[in-house]
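Please look through the model below before reading on. The paragraphs after it are meant for someone meeting this structure for the first time.

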Amino acid sequence: MDTNYLENNYLTLVGKVTGEKKFSHEIYGESFYVFNLEIPRLSGNSDIIPITVSERLLKEETLQEGKKLLIKGQFRSYNSYENEKNRLILTVFAKDIVELEENEVEEEENEIVKKETITNEVVLVGYICKKPIYRQTPFGREISDLLLAVNRAYNKSDYIPCIAWGRTARFCQNLEVGSQVKVVGRVQSRTYEKKHEDGSVETRIAYEVSVGSLEVIDEKSEENEMGTENQEAV
């Protein structure tokens with residue numbers, strides 16, 4: 001796992017496989033598949049996160065329904081063109097997968113479980129590429145929406161939506177486009193309704209990073225590092 005991608009985009013997820021795997025694409029004869037990982041929240045709800053994985057990391061039984069997995073990798077984005085419209089698609093790209101047994105856990109796996117006490121954590125270092133949008137809910141909850149450009153190898157970038165809460169949201173509203181920041185948070189899923197011009201309503205799922213802490217890079221000031229009250233979006 002000592003690779004360059006760990007410098008600005010890495011995550012750890014522990015959850016259970018839900019649904020069936022689907023073929024995604026093939027590159028130079030290597031097939032990739034997509035499946036969903038269900039990760040419980042402290043609130044009792046769960047996040048359903050799409051995982052993209054190479055066939056080389058899979059065993060026949062790895063993606064069985066209910067199988068518990070430890071996944072390490074990156075949170076990535078790509079553009080999908082449908083009906084002449086561009087959509088940003090988000091997925092977790094798995095770099096390493098470890099199967100975790102529910103009952104009889106081998107000693108080596110048990111040590112991994114002890115070390116990985118956090119079941120959903122992502123760390124991103126990137127650049128603010130749109131002016132943050134600050135707002136308050138009808139109940140007075142403060143929120144800021146961020147779009148972070150995270151550099152990847154081969155001159156590529158991932159564009160990751162992030163959402164900040166409370167005093168961190170207030171701090172984010174003053175960030176300028178181009179500011180480099182480090183974000184630590186968790187990957188979350190959220191359903192919403194998309195209304196079309198013909199009056200029909202489509203239910204969609206959005207994926208984003210819920211910010212736990214945010215630090216501005218290269219500006220040495222304690223005010224540049226902010227943490228939230230670890231509020232969860234239900």
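What follows goes from the protein as a whole to a group of paired strands and then to one residue.

This is a predicted model, in which local features need pLDDT of at least 70 and side-chain atom pairs count only at pLDDT 80 or more, while totals for chains, interfaces and linings use all residues. Residues are numbered from 1 along each chain as its sequence is written, and side-chain values use heavy atoms, with hydrogens and water left out.

The protein has two helices and twelve strands, where helices (H or I, at least four residues) and strands (E, at least two) are DSSP runs numbered from the N terminus. Read from the N terminus on, the elements follow the order β-β-β-β-β-α-β-β-β-β-α-β-β-β. Of the 234 residues in the protein, 41% are buried, a term that means under 20% relative accessible area, with exposed meaning over 50% and partly exposed in between (1.4 Å probe, protein chains only). The protein exposes about 14300 Å², and carbon and sulfur atoms supply 45% of this area, which is computed by the Shrake-Rupley method with a 1.4 Å probe, only the protein chains shown counting as cover for residues. Among contacts (heavy atoms within 4.5 Å) between residues at least 6 apart in sequence, 60% join residues at least 24 apart.

Strand β6 (residues 120-128) pairs with β8 in the antiparallel sense over two bridges, and the bridge partner of Ile128 in β8 is Leu148. Strand β7 (residues 133-136) also pairs with β8 in the antiparallel sense, over four bridges, with Gln136 opposite Glu142. These two strands, β7 and β8, form a hairpin with five residues between them, and Gly140 in the turn has a positive phi of about 85°. Strand β9 (residues 156-165) runs antiparallel to β8 and is joined to it by ten bridges, and Trp165 in β9 is the bridge partner of Ile143. The hairpin of β8 and β9 has three residues between the strands, and there Tyr154 takes a positive phi near 65°.

Finally, consider Asn9, which lies in strand β1 (residues 9-27). Asn9 counts as buried because its relative accessibility is 0%. The side chain of Asn9 reaches the backbone oxygen of Phe75 at 2.9 Å. Leaving aside neighbours within four places in sequence, Asn9 is in contact with residues including Phe75, Val123, Val150 and Asp158.

Key. A polar contact is a pair of N or O atoms within 3.5 Å; within protein, one must be able to donate a hydrogen and the other to accept it, and residues adjacent in sequence count only if both atoms are side-chain atoms. Two strands pair if DSSP finds at least two bridges between them.
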